[in-house]
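Open the structure in your viewer and keep the selection tool ready. We will go from the whole chain down to single residues.

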Amino acid sequence: MVKTKKLKDAGRVYVYSGRDATELFSLPSEQITGGNKGDWFGYSVAGADIDNDGFSDIIVGAPRWDVPKSGAQKAMKDAGRVYVFSGQTGRLMDAVSIKGTAAGDNLGFSVARAGLVNADTNADVIIGIPRADIVSSTNGKLLRDAGRTLVCSGASLAAGTACDTSTALFKVDGNTAGDRLGLAVAGAGDVDGDGRDDVVIGLPKMIHRPTKKMLARQSFIPVLQVRSGHG
């Protein structure tokens with residue numbers, strides 16, 4: 001009898017039929033190259049037809065995935081990773097590469113279908129990196145856990161182009177340490193009526209400094225950003 005190694009908190013994703021709730025297929029992270037215990041594979045999930053084949057593909061975030069040490073590449077704990085699986089076959093789309101670039105980034109903490117942001121026929125994807133450290137554009141200071149969000153072209157992902165700050169359709173960075181921009185992301189549809197889908201990004205840790213007038217009214221102002229599909 002062959003014993004299988006248990007991978008605590010590795011994660012798993014199930015895809016169910018909307019017609020009758022039967023299981024279409026499951027995506028066990030232990031069958032993925034680089035899948036390890038503690039990856040939190042499946043912490044975030046979404047569907048988007050990135051290759052425009054008529055089948056919605058499955059987007060899965062593993063925000064505590066570790067970049068392994070390889071040659072000169074240092075290991076990076078909890079950098080995070082996003083996987084894309086073919087909706088038609090359930091197989092991992094190996095060409096798609098979305099990985100965290102620094103330890104503790106938690107890339108993939110949130111994922112969502114962004115819609116048709118660049119107005120082509122391939123669904124685009126929005127990815128939250130809430131613990132990314134950002135260098136301030138105003139004073140050069142390091143803003144720890146300010147957070148970052150990437151809006152990635154579905155067509156580029158399907159073609160095998162890695163999505164990062166240089167290849168994304170656009171990125172949105174937090175501008176204050178601790179903002180954790182990107183803890184929640186979603187497609188918003190075409191909010192401004194310009195023919196391109198827009199996106200919504202949550203900043204739940206952003207600190208408000210309300211005026212006396214706001215305090216008198218006991219106002220609570222939730223924080224989110226709605227960003228144009230033009231970036």
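**Stop 1: the whole chain**

Select everything in cartoon view. This is a predicted model. The protein chain has two helices and 15 strands. Of the 231 residues in the protein chain, 41% are buried. Contacts also tell you about the fold. Take those with a separation of 6 or more: residues 24 or more positions apart account for 53% of them.

**Stop 2: an open sheet**

Next, find the open sheet made of four strands. Read across it in the order β3-β4-β5-β6. The pairing is antiparallel. Which strands sit at the edges? Select 44-48 for β3 and 98-99 for β6; each of these edge strands pairs on one side only.

Now select residues 57-62, strand β4, together with residues 81-85, strand β5. How many bridges join β4 and β5? There are five, in the antiparallel sense. Zoom in on isoleucine 59 and show its side chain. Opposite isoleucine 59 stands valine 84 in β5.

**Stop 3: the disulfide**

The structure holds one disulfide. Cysteine 152 and cysteine 163 form it, with their sulfur atoms 2.0 Å apart. The two ends lie in distant parts of the chain, 11 residues apart. Cysteine 152 belongs to strand β11, residues 148-152. Cysteine 163 is in the loop between α1 (154-158) and β12 (170-173).

Which hand does this disulfide have? Look at the torsion about the S-S bond. The torsion is about -85°, so the disulfide is left-handed.

Are the two cysteines buried or exposed? The cut-off for buried is under 20% relative accessible area. Cysteine 152 has 1% relative accessibility, so cysteine 152 counts as buried. Cysteine 163 has a relative accessible area of 6%, so cysteine 163 is buried too.

**Stop 4: aspartate 179**

Last, select aspartate 179. Where is it in the chain? Aspartate 179 lies in the loop between β12 and β13 (184-189). Its relative accessible area is 1%, so aspartate 179 is buried.

What does aspartate 179 touch? Leave out residues up to four places away in sequence, then select these neighbors of aspartate 179:

- Asp145 and Ala146
- Gly174
- Leu203, Pro204, Lys205 and Met206

Conventions. Residues are numbered from 1 along each chain as its sequence is written. This is a predicted model: local features need pLDDT of at least 70, side-chain atom pairs count only at pLDDT 80 or more; totals for chains, interfaces and linings use all residues. Side-chain values use heavy atoms; hydrogens and water are left out. Two strands pair if DSSP finds at least two bridges between them. Buried means under 20% relative accessible area, exposed over 50%, partly exposed in between (1.4 Å probe, protein chains only). Contact means heavy atoms within 4.5 Å. A disulfide is a pair of cysteine sulfur atoms within 2.5 Å.
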